[in-house]
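Morning, everyone. I have one structure to go through today, and I will keep it short. Please have a look at the screen.

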Amino acid sequence: SKKVKSAKIASAKQGNFLGCYAPYGYWKSPENKHKLIIDEEAVEIVRRIFQMRADGVSVGKIAAKLNEEKITPPRDYYYKKKGKPNPRRNVHNWTDGGVKHILVNEVYIGHMVQFKSGSVSYKNKKQIQKPKETWIKCENTHEPVIDIEIWNKVADMWQTKKASQRKRKAGYLPIFTGIL
């Protein structure tokens, strides 16, 4: 088990994709399942989501707009392309969490970040979030679909939102907000 774990960590450090499902907007390469290639159909939706968020549209409104236009959500899209019904869920809609997951995923700027979560032990299957220092990040491992300018603009919006939430809870803005 230690050898398998160390082999997976070594593979992740080389920039290989180790996940079961490719992120929305990508497919696993048929030649090498550890490499990602762009899905031209879904990537347009991803670009649109980022552009809408950069224009100031809230995550909830983005999800509502995608549902209103009857755009297939990521998991349903995957199974539709495979020619199978989705066995995992009954709700076939975009959600706020699904849109946010796309907006914070660095895979869209060409970086591979893995080992963000894991189980406590092989006996306890409960998933826990790992500290950011333990994540394995490899930059420029595949073709990006989002410009770095749009990514930075969206990331700044998350930081601004966090700062305003802190202000509302405490009643004032701490002097080191945005610095630390």
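The protein chain has six helices and six strands as its secondary structure. Before going further, note that this is a predicted model. Reading from the N terminus, the order of elements is α-β-β-α-α-α-α-β-β-β-β-α.

Some totals for the chain. There are 180 residues in the protein chain, and 33% of them are buried. The accessible surface is about 12200 Å², with carbon and sulfur atoms accounting for 53% of that. As for contacts, take those between residues at least 6 apart in sequence: 57% of these join residues at least 24 apart.

Now the helix pair. I want to look at helix H2, residues 40–54, and helix H3, residues 59–68. At what angle do the axes of H2 and H3 cross? The answer is roughly 140°, and the axes come within 10 Å. That angle makes H2 oblique to H3; the label roughly antiparallel is kept for angles over 145 degrees. The crossing of H2 with H3 is right-handed.

Which residues meet there? From H2 we have Ile 45, Arg 48, Ile 49, Met 52 and Arg 53. On the H3 side, the partners are Val 59, Ile 62, Lys 65 and Leu 66. Sorted by type, the residues of this contact come out as six nonpolar, three charged and no polar.

Next, backbone angles. As background, most residues other than glycine have a negative phi.

Lys 70 lies in the loop that runs between H3 and helix H4, residues 74–82. Is Lys 70 buried or exposed? Its relative accessibility is 72%, so Lys 70 counts as exposed, the cut-off for exposed being over 50%.

The other is Phe 115. Phe 115 is not a glycine either, yet its phi is positive, at about 60°. Where is Phe 115 found? It is in the loop between strand S3, residues 112–114, and strand S4, residues 117–119. With a relative accessible area of 24%, Phe 115 is partly exposed; buried would need a value under 20%.

Terms used
Residues numbered from 1 in each chain as written. Predicted model: local features only at pLDDT ≥ 70, side-chain atom pairs only at ≥ 80, totals over all residues. Heavy atoms only, no water. Axes fitted to C-alpha atoms, helices over the stretch in contact; angles between N-to-C directions. Helix = DSSP H or I, 4+ residues; strand = E, 2+ residues; numbered from the N terminus. Parallel < 35°, antiparallel > 145°, perpendicular 65-115°, else oblique. Left-handed = near helix turned anticlockwise from the far one by under 90°. Contact = heavy atoms within 4.5 Å. Nonpolar A, V, L, I, M, F, W, Y, C, P; charged D, E, K, R; others polar. Buried < 20%, exposed > 50% of the residue type's maximum accessible area, 1.4 Å probe, protein only. Areas by Shrake-Rupley, 256 points an atom, 1.4 Å probe, with all protein chains shown as cover.
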